[in-house]
Amino acid sequence: GNHTLLTEFVLSGLSSRPELQHLLFFTICFVYSMTLLGNLLICLVTVHPTLHTPMYFFLRVLSLLDISTASVVVPKMLVSLLSEDRSISYLGCVTQLYCVVFLAATEWYLLAAMAYDRYVAVCWPLRYGAIVSPRACLSLLLLSCCGGQVVSVLQTAWVFTLALCGPRRINYFFCDIPPLLVLSCTDTSGYEKQLISATVLVILTPFCLILLSYACIISSILKISSAGSRHKAFSTCSSHLTVVTLYCASGALIYLQPKSSSSQEAKKILALIYTTVIPTLNPLIYSLRNKEVKEVLIRVV
């Protein structure tokens, strides 16, 4: 009864040192521009008639998710770096949290669908067209979106049903679950256990499925007699697994210890990698190393 419920929040940003604000602004602005340019190129290239395959369909959706994730977080962060007004309304914070969780969860499920696509392509090549049909691709996409929607609605509702009291300052650069839990004036131990369970369900379970898919893929690759074909297949696997591991490591470290205040600055760096850096790397790792994509890109340019 002695607490005043919050109607708006103040984001502390990436750094409180004034001399770093302009450097951070130009660096993040450059990275964000590369994210938009790289992923938009992938969306443009993968609609080419020669690339109408399930793999490129999933890559196009992944690029759209990466653009959306960066666009939910980065513009507000850039404004905060140049302005003294770092406030965000209660509704704006709810919307931002919902979008971040929805996009992250959907992307995880999509990464698992992409691993399944590669598994069928390598292990069942003769039945690939029948198993991974356009209808199956749309079904996997809809399941990924529905899974992301359920997770996002539940997590956002649970966080904002907690009594969030002062101080209204969020020690973060966007509205996320761990910094919001710090503002709660009620016992959050039950919610923290639920969040850990959700993290296992959304991150670690798809990660294990991806590892299982690639274990089967590698087993099939080792049976290939051509050294060149083996090297190409291993290169594809290593690229995908690199990004998946980065996502898994950063996401797990952020959400498995939600109220760990001692590592808040480290969590900011992990969140920056998760929401800004990895979306920039995805076009390079997944697509621009691909010979077919590069050939179409040259034609388009």
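A residue is called buried when its relative accessible area is under 20%, exposed when that area is over 50%, and partly exposed in between. Please note that the model is a predicted one.

Begin by selecting Cys93 and Cys175. These two residues form a disulfide, with their sulfur atoms 2.0 Å apart. The pair joins distant parts of the chain, 82 residues apart: Cys93 belongs to helix 3 (residues 90-123), whereas Cys175 lies in the loop between strand 3 (169-170) and helix 6 (177-182). The structure holds one disulfide.

Next, look along the S-S bond of Cys93 and Cys175. The torsion about this bond is about -120 degrees, and the disulfide is therefore left-handed.

Keep both residues selected and consider their surroundings. Is Cys93 buried or exposed? Cys93 has a relative accessible area of 0%, so it is buried. Cys175 also counts as buried, because its relative accessibility is 0%.

Now select Cys137, which takes part in no disulfide. The nearest cysteine sulfur belongs to Cys145 and is 13 Å away. With a relative accessible area of 4%, Cys137 is buried.

Cys216 counts as partly exposed, because its relative accessibility is 30%.

Definitions and conventions:
Residues numbered from 1 in each chain as written. Predicted model: local features only at pLDDT ≥ 70, side-chain atom pairs only at ≥ 80, totals over all residues. Heavy atoms only, no water. Disulfide = S-S within 2.5 Å. Helix = DSSP H or I, 4+ residues; strand = E, 2+ residues; numbered from the N terminus. Buried < 20%, exposed > 50% of the residue type's maximum accessible area, 1.4 Å probe, protein only.
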